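Here's a quick briefing to read alongside the model. Take a look at the sequence and the structure first, then come back for the notes.

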Amino acid sequence: EDMEEDRPSWENPLQFLFACISYAVGLGNVWRFPYYCQMHGGGGFLIPYLIMLILEGMPLFYLELAVGQHTRKGSIAAWKSISPYLGGVGVASVVVSFLLCIYYNVIIAWAFWYFFHSFQEPLPWSDCPLNINRTGYLEECEKSSSTQYFWYRETLNITTSIEDSGGVQWEQTVCLILAWLVTYLCILRGTESTGKVVYVTATLPYLVLLIYLVRGVTLPGAINGLKYMFTPKLEELANPKTWINAATQIFFSLGLGFGSLIAFASYNPPNSNFEKHAIVISLINSGTSIFASIVTFSIYGFKATFNYENCIDRTILLLMDTFDLAEGSITAENLESWEIYLNSTFPGEYAAVSSQVKVCDLQSELNTAVEGPGLAFIVFTEAIKNMTGSQIWSVLYFAMLLMLGVGSMLGNTAAIITPLRDIKLLSQYVPKEVLTGLVCFVSCIIGLMFTTGSGNYWFTIFDTYAATLSLLLIVLVEIMAVCYIYGLRRFEKDVEAMIGHKPNWYWKIMWAFVSPVLIIGMFGFYISDYITKGAATYQAWEPSLGRLVMKKYPVSASVFIGILVVTAMSCIPIAAISTFIKSRFQKQEPSLK
Amino acid sequence: MAQALLFALCLVSVAQAQICHPHEPNAYKVRLSIKTALGDKAYNWNENEQYLFRATIAFAMRQYLKNEIFRASNVLTCNETQRVSFWFVVTSPENPSVTIPENDVAEAIRLNRHRINNAFLLSDKTLQFIGIPPTLSPPVESSLPVWLILFGVVLGLVVIGIIFMIVTGIRQRKSKRLKKPVHEEDPEEKLERGVIENGIACQTIEEAEGIKNGAYEHDDDKLTQL
């Protein structure tokens with residue numbers, strides 16, 4: 001019988017380490033951290049980032065690993081054993097992980113789509129398609145850019161608003177199915193298969209980043225991007241938003257509160273040194289963010305310089321054509337003096353074209369801050385298409401995104417499956433492969449909503465609202481429970497039983513005071529942000545203008561957002577109340593026992 | 001005699017000047033970017049190149065209007081600039097003072113654009129006819145999309161992998177089940193075992209209900225009261 005099975009475990013401590021790294025180092029390190037870095041003064045952002053790592057990142061990571069390793073159960077049973085009223089925390093974690101699974105795999109589907117299209121010569125997003133009479137390019141593409149067109153039209157086939165569903169796009173659907181099949185293949189045997197997959201998903205991204213680093217810093221113009229990133233704008237430190245974003249980034253980047261860390265740690269032998277692991281993994285995670293930023297900014301610098309030089313060339317050509325000057329007479333150096341001369345000598349003609357003589361500014365090119373999928377699928381692809389050997393770079397980049405995404409999915413699914421397998425009924429009658437398959441199947445079916453024409457708008461809703469507030473509440477309840485309900489002294493003794501020494505004063509101060517205060521602060525900030533913003537708006541793609549426009553969410557979407565936010569959070573009080581009621585019921589009828 | 005010839009020539013050139021001038025209804029402006037296209041190998045634009053241009057346009061007109069015999073002298077150019085750009089107009093071979101309508105000229109050039117470009121080692125971008133948009137060549141499209149092939153390969157591998165893993169998993173469990181009967185224990189023995197074992201002991205059942213937590217009972221600390 002399955003019940004006789006020992007709890008599965010990692011074959012060696014390295015697998016656990018790689019699993020956690022694989023999970024924590026995800027797409028956020030590549031496409032959110034560089035954005036915050038850029039927004040909040042480049043190198044200066046590292047200061048609040050590292051401070052927050054020490055104040056909340058490491059202590060909370062340590063806590064989750066300790067709970068998982070000690071109870072040797074998934075999140076639901078683990079929190080139940082900390083306190084019987086706290087089963088809801090585990091359930092909330094499972095719900096949040098489920099919501100995350102549903103929408104996260106869509107990113108892997110997109111990565112697969114781009115990966116498969118990278119094997120074409122030339123890259124499909126490098127040129128605009130021609131219009132019907134072949135006299136020029138399609139208007140939508142002309143107004144925006146070839147990479148934006150490929151993303152919004154050929155990949156997403158996006159509709160103009162969230163109400164217009166646009167039908168299911170079969171290309172995205174099959175990519176999503178493939179993404180789920182790949183995920184299923186990696187997790188279907190539990191730690192046995194996951195443990196082997198993480199060797200690849202944890203190490204390959206670093207290899208690709210290293211190759212990109214070497215290529216990136218040697219690209220022309222890369223130095224502009226690096227200078228931009230590393231010149232600290234220390235006045236940003238006075239902006240409270242900087243500190244909040246740093247705290248948020250650390251929090252979500254480490255993947256706290258989902259239950260994945262508890263799940264992974266529960267497969268550890270009881271005396272594995274998780275204190276060392278916690279410090280090492282959180283440092284590696286932050287280090288990877290910084291590493292990825294260096295790569296991203298050198299590529300940004302190249303792209304900005306390339307576009308800037310193109311802009312200058314276009315201006316020169318325009319002036320030469322309008323005034324019939326000999327080729328080579330205007331160069332980048334004497335452009336300004338020529339403009340002054342032409343303006344004064346032929347004011348009429350110059351005025352006619354002056355609107356097209358765009359001011360080419362390198363800084364404004366570098367300032368185009370993008371985060372999220374847009375960074376990878378629009379901005380980065382634009383840079384890649386101009387590099388020599390663009391196919392190889394594209395293949396490498398999207399392979400890396402796939403590894404990062406799959407690595408995180410392993411943790412996300414473990415957070416659901418591990419607690420489910422702790423339920424005796426399920427693990428007794430349902431074999432592991434079937435349970436895993438069912439979870440994957442249900443997530444895939446629900447995820448089909450993201451493959452419709454309006455799918456990206458729904459994706460943004462999930463990405464922004466599904467996990468944020470719930471996670472803050474979950475982790476807050478976790479830390480309060482361990483410190484004040486379970487008791488710090490008892491917890492210390494448990495830790496000592498596992499690793500041989502009690503946690504020192506740094507950990508205790510962080511758990512008891514600093515981290516809860518920070519989380520409450522973030523929680524309060526988000527709530528006030530939601531309230532003051534009122535009716536939420538979203539960015540919709542307008543094909544006739546070739547850019548995004550702001551639209552208001554319809555009532556149905558706003559209601560859906562509300563449900564999404566409340567769903568996971570409500571599990572905590574509901575479970576606590578139901579346990580209370582059950583215990584009252586049992587106390588009144590002792591004969592039943 | 002010489003005077004008459006000179007007079008005739010003057011008339012012709014005056015007539016030419018009147019026929020070919022910028023923005024004349026049937027005239028087109030041409031712009032060449034030789035240095036951009038050829039860099040170091042750029043040739044200088046001179047009278048001979050100009051003659052070649054006139055001859056190529058005449059060739060294009062001959063190809064298009066098949067019954068008329070155009071000559072290089074039927075193509076008139078004027079207003080040449082340093083850029084290099086100039087205006088040209090095509091006159092009819094029968095009547096040199098009549099210009100060929102612009103639509104015919106445009107169509108002739110469009111059909112023979114490739115030949116004209118090649119005569120000057122230039123491309124659609126570097127030899128521009130203002131007002132005659134080039135017919136852009138569509139990107140090369142293979143009959144079967146490449147991405148679909150790759151997708152099929154990866155999908156096939158993944159499905160094979162899944163089937164393989166499931167089958168070996170089932171086989172492993174079957175062989176474990178065959179080995180099981182040797183290790184059956186008495187229920188009494190199980191009760192005596194410690195908490196860490198994963199047996200179906202009463203202790204474990206009670207733990208799951210959340211009533212007693214064996215793991216946390218080894219101290220005399222106060223239990224979390226219900």
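A crossing counts as left-handed if the near helix is turned anticlockwise from the far one by less than a right angle, and as right-handed if it is turned clockwise. With that in hand: helix 6 of chain A crosses helix 19 (residues 390-422) of chain A in the left-handed sense. Bear in mind that this is a predicted model, where local features need pLDDT of at least 70, side-chain atom pairs count only at pLDDT 80 or more, and totals for chains, interfaces and linings use all residues; side-chain values use heavy atoms, with hydrogens and water left out. Residues are numbered from 1 along each chain as its sequence is written, and chains are lettered from A and ligands numbered from 1 in the order in which they are written.

**Confidence**
- The model comes with an ipTM of 0.85 and a pTM of 0.84.
- Chain A has an average pLDDT (the predictor's confidence in each residue, from 0 to 100) of 88, and 98% of its residues score at least 70.
- Within chain A, helix 9 (residues 170-187) has the highest mean pLDDT of the elements, 95, while helix 16 (residues 347-354) has the lowest, 80. Helices here are DSSP runs (H or I, at least four residues), as are strands (E, at least two), numbered from the N terminus.
- For chain B the mean pLDDT is 77, with 71% of residues reaching 70 or more.

**Helix 6 of chain A and its partners**
- Helix 6 (residues 87-117) of chain A packs against helix 25 (residues 555-588) of chain A at about 160°, with the axes 6 Å apart. Axes are lines fitted to C-alpha atoms, for helices over the stretch in contact, and angles run from 0 to 180 degrees between N-to-C directions.
- That angle makes helix 6 of chain A roughly antiparallel to helix 25 of chain A (under 35 degrees is roughly parallel, over 145 roughly antiparallel, 65 to 115 roughly perpendicular, and the rest oblique).
- The crossing of helix 6 of chain A and helix 25 of chain A is right-handed.
- Residues making this contact include Val95(A) and Leu99(A) of helix 6 and Leu564(A) and Ile572(A) of helix 25.
- By class, the contact of helix 6 of chain A with helix 25 of chain A has 11 nonpolar, three polar and no charged residues. Ala, Val, Leu, Ile, Met, Phe, Trp, Tyr, Cys and Pro count as nonpolar, Asp, Glu, Lys and Arg as charged, and the others, Gly among them, as polar.
- Helix 6 and helix 19 of chain A also pack at about 160°, with axes 9 Å apart, so helix 6 of chain A is roughly antiparallel to helix 19 of chain A.
- The contact of helix 6 with helix 19 of chain A has 20 nonpolar, six polar and no charged residues.

**UniProt records**
- An unreviewed UniProt entry lists a "binding site" at Ala24(A), Val25(A), Asn29(A), Ser253(A), Asn285(A), Leu404(A) and Ser408(A). UniProt positions are in the numbering used here, feature names are shortened, and annotations may be inferred rather than shown by experiment.
- These residues are spread over 385 residues of sequence but cluster in space, with a largest C-alpha distance of 12.6 Å.
- Asn29(A) sits in helix 2 (residues 27-31) of chain A.

Conventions
Contact means heavy atoms within 4.5 Å.
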